[in-house]
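Work through the exercises below with the model in view. Each task is followed by a solution in steps.

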Amino acid sequence: MSKNEYEFEENKSSPPTPPGRGPGMGGPGGMAVGGGEKAKDFKGTWKKLIAYCKPFLPIIIIAIICASGGAILTLVGPNTLKRITNFITDGFMSGIDLPAVTKICVTLVIIYLSSWLLSLSQGYIMATMTQKVSKKLRSDVSEKINRLPVSYYNRTSYGDVLSRVTNDVDTIGQTLNQSIGTLVSAATLFLGSLIMMLTTNAIMTLAAVGATVIGFVLMMVIMSKSQKYFSRQQKNLGAMNGHVEEIYSGHNVVKLYNGEKDAKKRFNHINSALCDSAFKSQFLSGLMMPIMIFIGNFGYVAVCVTGAVLVMNGTISFGVIVAFMLYVRLFTQPLSQLAQVATSLQSTAAASERVFAFLGETEMADESHKTTKLEDVKGEVEFRNVRFGYEDSDVTVIHDFSARAMPGQKIAIVGPTGAGKTTMVNLLMRFNEIQSGGIFIDGVPTSEITRENVHDLFCMVLQDTWLFEGTIKENIVYCKEGVSDAEVVKACKAVGIHHFIKTLPQGYDTVLADESSLSAGQKQQITIARAMIKNAPMLILDEATSSVDTRTELLIQKAMDKLMEGRTSFVIAHRLSTIKNADVIFVMRDGDIVESGSHQELLEKGGFYAELYNSQFEKIS
Amino acid sequence: MPIKSKGRFFIKMIKILKYMKKKERLLVLCSLVFIVAQVFLDLKLPDYMTEITKLVQTGDNKISDILTQGGWMLLCAFGSLVASIIVAGFAARIASSFSMGLRELQFDKVEAFSMQEINSFSTASLITRSTNDITQVQMFIAMGLQLLIKAPITAVWAVTKIAGKGWQWTTATAVAVLVLIIVISIVITFAIPKFRKIQGLTDNLNRVTRENLTGIRVVRAYNAEKYQENKFEGANSELTNNNLFANRIMSIMMPSMSLIMSGMSLAIYWIGAYLIDSAGMMDKITLFSNMVVFMNYAVQVVMSFMMVSMIFIMLPRASVAAKRIVEVIETKPTILDGKKTTSVDGLEGEIEFRNVSFKYPDAAEYVLEDVSFTAHRGETVAFIGSTGSGKSTLINLVPRFYDTTEGEVLIDGVNVRDYTQEALHNKFGYVPQRAVIFSGTVESNVAYGDNGKGAYTTEDVENSIAIAQSSDFVENIPGKLEGKVAQGGTNLSGGQKQRLSIARAVCRKPEIYIFDDSFSALDYKTDKLLRHALKEKTSDTTSLIVAQRIGTIKEADKIVVLEEGRVVGIGTHEELMKSCSVYQEIALSQLSKEELA
């Protein structure tokens, strides 16, 4: 069995999560260039993002003006310092013109302060704007969740949607915040300092720019070479995540099968690959800062030497050197910032692409034009030649389903896994839309009324007892308005959980947290109480008791029988014993009804149902 | 932010450093040498600047003199670059190999954990601790080595260089540093707690979204979309408000830093003008060059303080990560190895519980109380009872997922605690409630691990797949035995995963099967066929079965009925139907009277 190859590099089972890029602290990631993902359509995504930010455009423009204004004011600094220096050097013999120096200095103080104010306003505006955009994005994603068809969630993992709401939106918020302001001020500084240098002295400019360019060519070479190490690092991190997740969550099996050695071997393999790529990527990103400093120093030396020569020739004054020493800094600094902005714009685009892809998913059809409304229904439900298959596959799940339920009947749907039982319920609730045929409630096709209206007609209890973090009362009342405490108590008494709730320290106000001490049965009783409060004319029970043991089921069964009184009910069950008293049993297999009738009739018929039923009790012979 | 809590952060960071290997410590020392060299060269640079300034001002020198000085400057700059590249290399090497070591320590530790420790941390948290947290520490160490050590050295050295050159300038620099510290403290005091709060609020937002997603059908059925959206809006607004506050505070930082820098340069020149004006003729040039140099040093000092402040901003996050890692590494496993590898002859496949009681540590109530029974070779013993009756706990005591609180569990006549874990585990074919599927192939999943009897043959694998009623669906997988299985088995159905997981147990040819509610995911028909095949092909193997369905266990040689942790009945189905009221109740709830007869 040595054919276990360690193909973790190609393991694409789950997209690798970016390491430690959680929300919070935009902090000093500083020189860590690279590692960001790339968007497939950089331009298109940015266009979408800008269109999305449209309401904020005027304020963004103000921020941009502030950013460039602040940068321009910064540029005045060195030139003024040059003048001070000249005053000083000129005054070696005759004494310095102190009032003039003071005047310049005071002007400079004002300039610096205004530059500071402008940058502050820019930062403030951008911080505010990006947070508002992030908030809107999150809200839009959240609303989008409820406008997508249920079938969308069959093919997408929750984690994927969740990471768009938090990680991706956070990335957009953070990078947008830093990148736009920096982009504008860095570009202004870069161009401005170039112009200022040129107007001050061309030869000196040549020296300064030349030195910087040499440095930057060097940096670009390193950066382009390092890209592959960053993506390898991401891949290895993903592989490590995957392996650790697999081994930790299968801990009991790994241990009992003595799989530790094998797991450790694979772990070591990934770990040393990770160590190697971590070293390389960490080293390369660690190089950025020293190189930047070197470029600064190199420019500095070039300026000093050239300047000194020129001063001795009498071409320039010493103040020019002083000014250039500062200009070189103002010139190189934005260059590295621009490099950072480039990567951060990339990650913004990559994150936005995912968010916009989600926002662009096809929604359920708009129904605002529908005027028919069903209220006070009798509860007659008819399926007529229903046919259904998921839109993204050619397989027909339901072929030709026809059935009729009379008001007040208890209808059971049984059949092996994959027969299409839950699909039928989803079609009845219009969670999915049928492809042909029709479903009629009291003779009205459900396609003619709104989904909301359909939902109002049914109480629904599902296998997964869905409770949220909140008090028991909140969980029972849920979104229904105007429910009195007495009604809640009545419902709980009916499902037999009132006494238990009373034993809890805070009674109905006990908060149900993640690891609440409720048993599966108690949770189910609460969801049944919720359905009772809803008090809709029909009822759907989709494997409502599968997750509880049979003794608890007996208790719940009583509650459910209570709920079924007078309601047309559809019951999907795994355990055949629970549906023996149904008025009609539909036996489904491969998307069609193969048999129907009462329990007794079906047993006598000796068909599929009888086989299914008897398989529970056969003896080993 | 109080200094005390900062100190606490540092202690946590230092605590994790004790796991540094000797080689890594040595590398830290080496990089220290190069850092000093780098600082020396960085600070040497302005000295040459002084020379050049003097040369230019005195005027009667050759250009070659200036070029010589320029050459030295360049050499310094280049030397500094080389030194810092070496430091970067060392830092990256230390950080990556240190984190590799930590990762391994942690992995080994988790592998040694019993269910008790795993549950106390939660699997999700252990995964984060082994991945993200370590990456955090790695990044911090790489950055820290480059900045944390260099910054104070630079600051102190630069200060000594400029100390004697004019108290007025020194005061200006001190004021700049002071303002810097104030700005940073404001940011840290107000923003960092918010950032921590934001972490919690993000979790909250995640929770609300997750609720909506997991309950999507309920939400729709109740027309509760608006209700959920309002809830989300609440969480969203709270998060946004905190984010707004924190980010606005943070936005003060950069502009203020550059204001401080510019302000300081200006102050030095402004002061300089007055100093030079009042100085004697001869001192003027010296003072002037001093001023130019001073500014450069002062910038270095302020820059070092900025770097240190960056570390302080990174520190809380990294130290939380460090603390979480150390927590795992320093947890002592509760299940320790015994010495025996062999068992008593003639007792293979025998399991005995002798007055076993169990409670979770710190819990008041016993989960199991005084349980005794024996299973002989080839027998099937089933456990039934309602949720919370302790049947899964009982079965977990056999392979030592937990150890008994009182009493003992014997396998093949030997207390399970006396075996080495490897020898003990080799006796079992274990199938958990939730099937565990590894990424790989069908074959690698079935022929998983090691049973101490050498490698599995393809025939073994095929046989066990047949017994587990999986041949038909494995045939349909492209590649058959070599067919790819995704992580978590996402390309298989629940029943298929469970059957593969049963095939894995069969393939081991164990003395004892442990089925922890493993048949519930199967439909009745498959359940029946599978049990028949097992009975037929592996009749020598003792089986322990936890089940919910009476149908699954009706034919068991012995059924143990549990109620609130106590045994309320042991016997065959027929015996229990007569004598045990709890069993009767369970049975009646599933089958009608006639069917049971």
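**Exercise 1.** How many residues of chain B are in contact with chain A?

This is a predicted model: local features need pLDDT of at least 70 and side-chain atom pairs count only at pLDDT 80 or more, while totals for chains, interfaces and linings use all residues. Residues are numbered from 1 along each chain as its sequence is written, and chains are lettered from A and ligands numbered from 1 in the order in which they are written.

Step 1. Two residues are in contact if their C-beta atoms, placed from the backbone, lie within 7 Å.
Step 2. On this basis 144 residues of chain B touch 129 residues of chain A.
Step 3. Helix α10 (residues 225-278) of chain B gives the largest share of chain B's side, 29 residues; helices are DSSP runs (H or I, at least four residues), numbered from the N terminus.

**Exercise 2.** Find which residues of helix α5 of chain B are buried, and where they lie on the helix.

Step 1. A residue is buried if 20 or more other C-beta atoms, placed from the backbone, lie within 10 Å of its own.
Step 2. In α5 (residues 123-130) of chain B these are L126(B), I127(B), R129(B) and S130(B).
Step 3. Seen down the axis of α5(B), the buried residues fall within an arc of 160 degrees, so they line one face of the helix. The arc is taken from the directions from the helix axis to the C-beta atoms.
Step 4. Their cover includes α6 (202-249) of chain A and, from chain B, α3 (63-112), α4 (115-121), α6 (132-147) and α11 (283-329).

**Exercise 3.** State how far apart the C-alpha centres of domain 1 and domain 2 of chain A lie.

Step 1. The domain assignment, automatic or from a database, gives domain 1 (42-359) and domain 2 (381-467 + 521-614) of chain A.
Step 2. Their C-alpha centres lie 58 Å apart.

Technical notes
Helix = DSSP H or I, 4+ residues; strand = E, 2+ residues; numbered from the N terminus. Buried ≥ 20, exposed ≤ 12 C-beta atoms within 10 Å, placed from the backbone.
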